[in-house]
Amino acid sequence: MAKFPAYDQKTILDDLQAAAPNAVIKTDAASLAAHKNAPNGVGSADGDLLAYVEVGDEADIQGVLKVARYYHLPVIPQTTATSTVSGSDAVKGGILLSLKRMNQILEVSRADQVAVVQPGVINKDLDDAARKIGMFYAPDPGSKGIAAVGGNVSTNAGGMSTVKYGATKDNILGLHVILADGRKVELGHRTLKQAFGYNLTQLFVGAEGTLGIVTEITVKLMPLPLGTPITGLAFFENMTALAKAVTEVRASGVYPAMLEALDKPTLGALDRYEGTHYADESGAMLILRLDAGGQEALAKTQSVLEEFGALKVQVTSDEKEQAAILKLRQDMLPAVFANGNHVMEDMAVPLSKLAEMMDYIAKLAKDLDLEIYTAGHAGDGNVHPSIIWPKAETEVPAKVTEALQLMFRKALALGGTISGEHAVGMLKNQWNAEELGPEVDQLQHQIKSLLDPMNILNPGRKIN
């Protein structure tokens with residue numbers, strides 16, 4: 001089909017450079033190829049980028065968006081590219097807008113118990129800065145050491161401490177956002193309470209860059225708990241027994257800071273990776289942590305775990321021993337992924353349905369003859385089954401896709417969600433109507449159309 005272009009590529013790129021004079025703009029083939037797909041995703045780019053742009057200020061962001069509107073170009077926001085759901089892979093002819101240079105911690109206030117950061121600040125760096133004044137930043141995704149706070153806001157990242165301190169959304173007080181039309185809006189406050197107007201701050205948390213570009217984030221900090229934290233391991237016959245025990249611990253008044261579950265296949269992978277023998281002792285392991293409550297909380301936790309089937313409980317307050325236990329959780333994914341090609345999923349169900357979900361995943365593995373390693377944040381019902389297949393098979397096997405569809409529908413049938421903390425990206429955007437219902441699906445598209453009528457911001461993500 002004949003086309004009659006109004007502009008050539010050089011004209012567009014010249015305008016882009018003029019509109020964002022302080023940005024680093026790369027258009028060479030090697031740079032564009034390097035940023036085409038995020039390293040932790042599944043390679044969902046649908047073509048080559050027009051440009052990779054690293055911005056350092058809000059004016060350059062506004063300039064990029066001005067050019068994007070004029071030439072109808074997609075803009076893909078990105079910080080440190082740790083998305084596992086292809087949330088920032090290339091869109092053909094688009095501009096990848098990197099905010100990783102906007103990485104300053106602007107303020108850490110002990111008096112107000114808040115911090116103000118730019119989106120490129122690494123989660124752990126923020127937490128370390130807070131700890132220097134006796135505070136901490138609670139959200140702790142598995143990618144804490146490499147993921148940026150802006151990306152955490154974009155995906156509403158969770159983590160191991162969500163059971164006590166909530167996900168990213170529960171720790172955000174305010175945002176500065178550049179809208180698709182170039183307007184800058186300041187949302188929320190640094191106060192711990194606010195009831196004025198619609199809660200637009202939360203609208204942008206978890207929006208995956210589809211509604212605006214976040215340029216500044218005000219987060220809530222927590223005081224470091226008094227006393228000595230306690231970390232431990234509890235062993236169970238299977239994940240079903242573990243899930244029932246976790247549900248009761250959550251209702252006991254203890255308020256644990258971590259309740260992480262690993263099934264027998266995962267323990268076997270850890271044993272091979274670490275040279276341990278955990279799989280010989282049980283069919284499931286719970287990693288638990290109490291950061292407050294002292295001996296009373298510990299005694300209550302041990303009592304509940306034993307009442308609900310724990311075969312053995314061992315705890316420690318020694319810092320080195322605690323670090324060794326926490327390292328097991330950190331090493332879990334490398335241990336599992338070493339066994340072949342993989343996909344790790346992210347569902348969450350009500351606590352009362354956690355045991356049923358665990359049973360269902362185990363049955364699927366048997367029925368479909370699949371290697372499934374199940375772990376997750378058991379304390380908040382978040383399940384991460386990883387399906388492994390031989391490295392020689394480069395394409396995702398049909399039975400893996402079948403297993404994922406069955407797991408997703410089971411989670412939904414139990415009143416859960418098919419994305420607990422990894423966001424939607426391009427991998428699950430076809431499930432919106434099934435999870436949310438057609439009315440809410442349509443409402444989401446109406447919100448998108450209101451804030452981004454030209455559909456230039458991260459198109460294809462979050463909603464299809």
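Trainee: Which residue just after α9 takes a positive phi?

Mentor: The model is a predicted one. In it, helix α9 covers residues 264–274. Just after this helix, a positive phi of about 75° is taken by glycine 275.

Trainee: Which residues of α9 are buried, and against which elements do they pack?

Mentor: Within helix α9, the buried residues are Thr266, Leu267, Gly268, Ala269, Leu270 and Asp271. The elements they pack against are β13, α10 (278–281), β14, α12 (319–337) and β18 (371–377).

Trainee: Is α9 roughly parallel or roughly perpendicular to α12?

Mentor: The axes of α9 and α12 lie 9 Å apart, and the packing angle is about 95°. Angles of 65 to 115 degrees count as roughly perpendicular. The arrangement of α9 relative to α12 is therefore roughly perpendicular.

Trainee: How do the residues of the contact of α9 with α12 divide into nonpolar, polar and charged?

Mentor: On the α9 side, the contact involves Thr266, Ala269, Leu270, Tyr273 and Glu274. These meet Lys327, Leu328, Asp331, Met332, Pro334, Ala335 and Val336 of α12. The division is eight nonpolar, one polar and three charged.

Trainee: Is α13 roughly parallel or roughly antiparallel to α14, and what is the handedness of the crossing?

Mentor: Helix α13 (residues 354–367) packs with helix α14 (residues 398–413) at about 165°, their axes being 11 Å apart. An angle over 145 degrees counts as roughly antiparallel, so α13 is roughly antiparallel to α14. The crossing of the two helices is right-handed.

Trainee: Which residues make the contact of α13 with α14, and how many of them are charged?

Mentor: From α13 come Glu356, Met357, Tyr360, Ile361 and Leu364, and from α14 come Ala403, Leu406, Met407, Lys410 and Ala411. Eight of the contact residues are nonpolar and none is polar, while the number charged is two.

Trainee: Which members of the largest nonpolar core touch the most other members?

Mentor: This core has 45 residues. Two or more residues each are given to it by β12 (230–236), α8 (239–250), β13 (258–263), β14 (284–290), α11 (294–307), α13, β19 (382–389) and α14. The members that touch the most others are Phe236, Leu242, Leu286, Leu305, Met357, Ile387 and Met407.

Trainee: How many residues are in the other core that lies apart from it?

Mentor: Val67, Leu73, Ile95 and Leu97 are among the residues of this other core. Its number of residues is 26.

Trainee: Is alanine 245 buried or exposed, and which residues does it touch?

Mentor: Alanine 245 is placed in helix α8. Its relative accessibility is 0%, and it therefore counts as buried. Beyond residues up to four places away in sequence, it touches Phe236, Val304, Leu305 and Phe308.

Trainee: Why does threonine 79 count as buried?

Mentor: Threonine 79 sits in the loop between β3 (75–78) and β4 (95–98). Leaving out residues up to four places away in sequence, it touches Ser98, Leu99, Lys100, Pro119, Ala148, Gly150 and Gly151. Buried means under 20% relative accessible area. Threonine 79 counts as buried because its relative accessibility is 14%.

Trainee: How far apart in space are leucine 457 and threonine 394, C-alpha to C-alpha?

Mentor: Leucine 457 is found in the segment after α16 (438–451), and with 0% relative accessibility it counts as buried. Its contacts, neighbours within four places in sequence aside, include Leu65, Val75, Ala180 and Ile213. Leucine 457 and threonine 394 are 63 residues apart in sequence, and their C-alpha separation in space is 31 Å.

Notes
Residues are numbered from 1 along each chain as its sequence is written. This is a predicted model: local features need pLDDT of at least 70, side-chain atom pairs count only at pLDDT 80 or more; totals for chains, interfaces and linings use all residues. Side-chain values use heavy atoms; hydrogens and water are left out. Axes are lines fitted to C-alpha atoms, for helices over the stretch in contact, and angles run from 0 to 180 degrees between N-to-C directions. Helices (H or I, at least four residues) and strands (E, at least two) are DSSP runs, numbered from the N terminus. Angles under 35 degrees count as roughly parallel, over 145 as roughly antiparallel, 65 to 115 as roughly perpendicular and the rest as oblique. A crossing is left-handed if the near helix is turned anticlockwise from the far one by less than a right angle, and right-handed if clockwise. Contact means heavy atoms within 4.5 Å. Ala, Val, Leu, Ile, Met, Phe, Trp, Tyr, Cys and Pro count as nonpolar, Asp, Glu, Lys and Arg as charged, and the others, Gly among them, as polar. A nonpolar core is a set of buried Ala, Val, Leu, Ile, Met, Phe, Trp, Tyr and Cys residues joined through side-chain atoms within 4.5 Å. Buried means under 20% relative accessible area, exposed over 50%, partly exposed in between (1.4 Å probe, protein chains only).
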